[in-house]
Amino acid sequence: MAAPGVFGGLLRRLGGFGVRVRRSLHTSPAMSVQITRGLLKKYGEKRVIDTPITEMGFAGIATGAAMAGLRPICEFMTFNFSMQAIDQVVNSAAKALYMSAGTIHVPIVFRGPNGASAGVGAQHSQCFAAWYGHCPGLKVISPWNSIDCKGLLKAAIRDDDPVVFLENELMYGVPFDMPEEAQSPDFLLPIGKAHVERTGQHITVVAHSRIVGFCLEAAAALAKEGIECEVINLRSIRPLDMATVEQSVMKTNHLMTVEGGWPIFGVGAEICASVMEGPAFDYLDAPAMRVTGVDVPMPYARNLEELAGPQVKDIITAARRMVTGKEESRATA
Amino acid sequence: MFVATHNGPQFVCGQAPPVDGPMGQRGTYAIQCALQALWLRRNLGARSLADFASEATFDVKPCLLHGLESAPPISVSLSREDGLLYYKQMQTIRRMELKADQLYKQKVIRGFCHLYDGQEACGVGIENAIKPTDHLITAYRVHGIAYLRGVALKSILSELTGRQGGCAKGKGGSMHMYFKNFYGGNGIVGAQVPLGAGVAFALKYQGLDSLCVAMYGDGAANQGQIFEAFNMASLWSLPCLFVCENNQFGMGTAVERASANVDYYQRGDYIPGIKVDGMDVLCVREATKFAADFIRSGKGPMLMELETYRYHGHSMSDPGVSYRTREEIKEVRTKSDPISLLRDRLVGSGLSSVEELKEIDVKVRGEIEEASQFATSDPEPPLSDLTSHIYKTSLNSCIRGITPWQQLATA
């Protein structure tokens, strides 16, 4: 089958073995099992392994295998289930190199969908960017489009350190143009480097994952009012590319972070604190601001779910308020 | 009349005795001469190998079996060479752990310190049954195992004292010691078991004729992740030997109060299991060989329960007598001490002698003392090690320090 969408390039070459969770056999587009479709047939049972639904066990097994010379890719059906295994990710994988002073290293990738989906309720909608981004020893990536996913997953697999790769279920079905260069089997993107998706001189808008797309939509609308947004796609959560953010803020004098996750102790909190401590602070014309998910467990009812996370209109309103001081556009004022 | 050579006493027979002993000068002098004669007879080749047997056979306790048709042998042969080796290894671990106890009380070792004295036969029996190309992982009661896997005594002790000469450069501490084919040293109870199954997975994937020994204690034996590891190890026929060192207490909780089923060797259910006398190094060795052969023949994992005992409390912060009696500890020491057991066998069978074993004791004490001197005099790690080994491939050259303006170089 044609494989447009986020992982079109991935299927061509996979460096390690994939340990994946099979929850069911049906092929609803919402099921993350789609990502590894075709891999079993292409690479065989030795390299693509269905595990029982025992996250702590299989994350530990994958980590042990990495310690002993393999380069595993460990899939969590969603990162919500990684909480059952988080001890292995943090205490076994992330800290091994340090505790052993270099004797043991863990070239593993933990990947799977992260953050809000659609109608899946409170236990299946949490964003783990801040939790994993908090830990030294991990590299944490949160890609947005196909180019990000291709280049960064490949870089993650080739990296000798444990990498947490936070995908987004609602992005799996979204097609993107893949330039020629990005379709090469050795196309890599650097971990820890953000990408400016859109330049602008009035406000720096920083986001990761699916929200980047929302910010670009908001930017297009704001441009009609004469507000030019510079949209930065973080691509990586750890290390965080503050240099790119600071350089932008020193140009635009305004900073707004946008994320789907909860506000308290989140990615945006880190970015704002960092800017306060760095050279860009003196360039701010207004306090840096965070736009986030609401500080509640995710509700199921569609209307409430929509209210629980930042929508394009929220980004527009917030950016407009920061730049003009008003939430309504001048046109409607 | 003869002169003491090399390490013998420092006086010469026939001279006036240099010291005024409790038995009067003449009595002391006579004793000292007799000792010297003995020493010289030993060290000048008066003793020949013909004085000792080269091999002997011993009976060991039969193992309890679960899901197995055959069993390890109960009649075990031991060579003199092996006997002396096992004795030295066990005595080294014993003395090293007692030295660690001493250093901890002097506050030179801090934090966690979980001692292995009493359990020596487990580690020594396993190591002498597997190959150096086999892999091993255990929990935090690891100092003895690290030594057996090849970590030098001074590297172990200076890791405990947090010095740069430590096997993890002082950055790991008591619970985090690693070596080739040895994965620590793990602080989270039970976490090492799936890791060990993962190592076994890698060995099988790479087509190696090696197995992984994944050790845990009775305290960890109820952890869910252990059963998750059992399941996958069995499903995928991983070359993993799960070893439960049952020292009767999970921290301060006796096995009967922690486990609805204390037959740990049966807890693998579909995984064949074997219960072994963990105080008898020969029993452990034979059972491990049996298990290793089973696993190497491709039959999948096995579970081995070693019934053992620890003299110290769970750690140095546990006196170890609030949940068991001093009488119980004393009884085990008197009746089942693994080193005494081996000593009696070696001497009783003519494989060695009391004197020869005492020589080994002295040598071991000397080695431990030397390692301890090093461990207490070696400098602490340099400040640059605070920020080294975060990543194998660092993406930034600096790490944020305590304050925003403190940027620490990272390697």
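# Reading salt bridges, cores and an interface

Biologist: How many salt bridges does the structure hold over all chains?

Modeller: The structure holds 32 salt bridges over all chains. A salt bridge here is a side-chain nitrogen of Lys or Arg within 4 Å of a carboxyl oxygen of Asp or Glu. This is a predicted model, in which local features need pLDDT of at least 70, side-chain atom pairs count only at pLDDT 80 or more, and totals for chains, interfaces and linings use all residues; side-chain values use heavy atoms, with hydrogens and water left out. Residues are numbered from 1 along each chain as its sequence is written, while chains are lettered from A and ligands numbered from 1 in the order in which they are written.

Biologist: Where do the partners A:Arg158 and A:Asp186 sit?

Modeller: Start with the distance: the side chains of A:Arg158 and A:Asp186 meet at 2.7 Å, N to O. A:Arg158 is in helix H6 (residues 146–158) of chain A, and A:Asp186 is 28 residues away, in the loop between strand E6 (163–167) and E7. Helices (H or I, at least four residues) and strands (E, at least two) are DSSP runs, numbered from the N terminus.

Biologist: Is A:Arg158 buried, exposed or partly exposed?

Modeller: The classes go by relative accessible area: buried is under 20%, exposed is over 50%, and partly exposed is in between (1.4 Å probe, protein chains only). A:Arg158 counts as partly exposed because its relative accessibility is 39%. A:Asp186, with 43%, is partly exposed.

Biologist: Which residue forms a salt bridge with A:Arg198?

Modeller: A:Glu228 does, with the closest N and O atoms 3.1 Å apart. A:Arg198 belongs to strand E7 of chain A, whereas A:Glu228 lies 30 residues away in the loop between helix H7 (210–223) and strand E9 (229–233). A:Glu228 is also one of the residues in contact with A:Gln201, the others being A:Lys251 and A:Thr252, leaving aside neighbours within four places in sequence. Contact means heavy atoms within 4.5 Å. A:Gln201 is in the loop between strand E7 (195–198) and strand E8 (203–207) of chain A, and its relative accessible area of 46% makes it partly exposed.

Biologist: How many residues does the largest nonpolar core have?

Modeller: A nonpolar core is a set of buried Ala, Val, Leu, Ile, Met, Phe, Trp, Tyr and Cys residues joined through side-chain atoms within 4.5 Å. The largest has 77 residues, and among those with the most contacts inside it are A:Phe76, A:Ile271, B:Tyr216 and B:Phe242. Helix H6 (residues 192–205) of chain B gives the most to this core, with eight residues. A second, separate core of 70 residues includes B:Cys122, B:Ile126, B:Leu160 and B:Ala291.

Biologist: How many Å² are buried between chain A and chain B?

Modeller: The size of an interface is often given as the accessible area lost when the parts come together. Here that area is summed over both parts, with a 1.4 Å probe. The value is about 3,600 Å², of which carbon and sulfur atoms give 67%. A:Ile61, A:Tyr98 and A:Met99 supply 20% of the area that chain A buries against chain B, more than any other three residues. In residues, 44 of chain A are in contact with 39 of chain B.

Biologist: How many salt bridges does the rule find across the interface?

Modeller: The rule finds two across the interface of chain A and chain B. A:Asp160 forms a salt bridge with B:Lys392, the closest N and O atoms being 3.6 Å apart.

Technical notes:
Buried area is the accessible area (1.4 Å probe) that two parts lose on being put together, summed over both.
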